[in-house]
Amino acid sequence: MQFRYAEGLPCVPDFANLVSDELPILARPSDSVRPPQPPPEAWRQALREAVRDPVELAALLELPDDWCRKHLLAESAFPLLVPRGYLARMEPGDVGDPLLLQVLPHAAEQESPAGFVADPVGDSKSTLAPGLLQKYRGRALLVATGACAVHCRYCFRRHYPYAEASLSSSVVDRVVEQLSADDSIHEIILSGGDPLSLGDDRLGQLCHRLAAVPHIARLRIHTRWPIVIPERVTDRFVAMLSELRTTNVVVIHANHANELAGDVPTAIERLRASGAMLLNQAVLLRGVNDSLCALQNLSQRLIECRVVPYYLHQLDRVIGAARFEVPIETGRELIAQLRRELPGYMVPSYVQEVAGEPHKIPLA
């Protein structure tokens, strides 16, 4: 089955499939129903069954043989990983499908244009301890894991030394000790990789330890799992978030409206049941969303799912991702067009991360 977003059609969760039982932990009277819970290990099974072979992916999507021979020339050091549920939202035979372009290894990744580097956002110079980074005042970022549910070809951490930032128990102890000693840090950001690649027990232990630091007021989780394997949003994860004393923010990552299909709206609704604020960050990508129509549809779809379109990032200039770059002037014009078409709350902030700067740089 293909899931395609059609402009002008309502795109809301299928509330006919909701069950009517009380949430066991949440205490808000308005939460009288909740989306159905996937089997506890469904997300692990989906990851095990993910496609890892570009030839298999090409066959499943009925891509032309001549196109495959031309572009799939070399095995990349950054391997393919794409869940089958995400694959099902792509159009067979379409080599320009906006979801396919985000995940398919391409011969152009072997090119190294000037200005594209292994660490475009300055992670190495911002490291306080293994896996613990601080770039901006009042916030620290923890690289919780190097694992993801999907390998995005534009990933700015595709060259990150994850082996040096493994979160063993002793490393977590040191991180918590360091955070406890610095009362200027009020927000901790869990990133990666993708923190939801950790199981519920391990992720829950980590979140509770961070939330126990008295001056940590906010916990922010950046994740693509609800978009590519929505089964990952389990009852245990939702309950864990709702138990934390911190104000919680979940930043999902969708670049195109077609990604917000299938079971994704249900997973988003489940996240909302935790009481977390839900934001979206997208990356401006050539061929994927560098048009008014694509960005407008994405913002509309996010709002229908009650997610705030928070950031539109200029591409981080990481080695291997040059084919996705869109000129900044084009991005500025697209944002100007969006402002003419949409209410202000539906227009994301167009920003660029520049290594060494004290904040993200607004571009429009």
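Contact here means heavy atoms within 4.5 Å. With that in hand, this briefing looks at a predicted model. The protein chain has 12 helices and 10 strands. Of its 364 residues, 53% are buried. Among contacts with a separation of 6 or more, 81% join residues 24 or more positions apart.

**Helix α6**

- Helix α6 covers residues 169–180.
- Its 12 residues should span 16 Å at 1.5 Å a residue, and the end C-alpha atoms are 16 Å apart, which agrees.
- The buried residues in α6 include V171, V172 and V175. V176 and L179 are buried in α6 too.
- These residues cover an arc of only 135° around the axis, so they sit on the same side of α6.

**Helix α7**

- Helix α7 has 12 residues. From its first C-alpha to its last it reaches 16 Å, close to the 16 Å expected at 1.5 Å a residue.
- Buried residues in α7 are D200, L203, G204, L206, C207, L210 and A211.
- They cover an arc of only 165° around the axis, which puts them on the same side of α7.
- The cover over these buried residues includes the strands β3, β4 and β5 (218–223). Helices α6 and α9 are also part of that cover.

**Where α7 meets α9**

- Helix α7 spans residues 200–211, and helix α9 spans residues 235–243.
- Their axes come within 10 Å and cross at roughly 10°.
- Angles under 35 degrees count as roughly parallel, so α7 is roughly parallel to α9.
- From α7, the contact is made by D200, D201, L203, G204, C207 and H208.
- From α9, the contact is made by R236, F237, M240 and E243.
- Sorted by class, this contact has 4 nonpolar, 2 polar and 4 charged residues.

**Proline 98**

- P98 sits in the loop between α4 (84–87) and α5 (100–103).
- Buried means under 20% relative accessible area. P98 has 9% relative accessibility, so P98 counts as buried.
- P98 and G287 are 189 residues apart along the chain, yet their C-alpha atoms are separated by 6.7 Å.
- Leaving aside residues up to four places away in sequence, P98 touches H256, N258 and V288.

**Backbone exceptions**

- Most residues other than glycine have a negative phi, and most peptide bonds are trans.
- A cis peptide bond joins G192 and G193, with omega about 25°. G193 lies in the loop between β4 and α7.
- E62 is not a glycine, but its phi is positive, at about 55°. E62 is placed in the loop between α2 (54–60) and α3 (65–71).
- The cut-off for exposed is over 50%. E62 has 58% relative accessibility, so E62 counts as exposed.
- R306 is another residue other than glycine with a positive phi, near 65°. R306 is found in the loop between α11 (292–304) and β8 (308–313).
- At 44% relative accessibility, R306 counts as partly exposed.

Conventions:
Residues numbered from 1 in each chain as written. Predicted model: local features only at pLDDT ≥ 70, side-chain atom pairs only at ≥ 80, totals over all residues. Heavy atoms only, no water. Axes fitted to C-alpha atoms, helices over the stretch in contact; angles between N-to-C directions. Helix = DSSP H or I, 4+ residues; strand = E, 2+ residues; numbered from the N terminus. Parallel < 35°, antiparallel > 145°, perpendicular 65-115°, else oblique. Nonpolar A, V, L, I, M, F, W, Y, C, P; charged D, E, K, R; others polar. Expected span 1.5 Å × (residues − 1). Buried < 20%, exposed > 50% of the residue type's maximum accessible area, 1.4 Å probe, protein only. Arc of directions from axis to C-beta.
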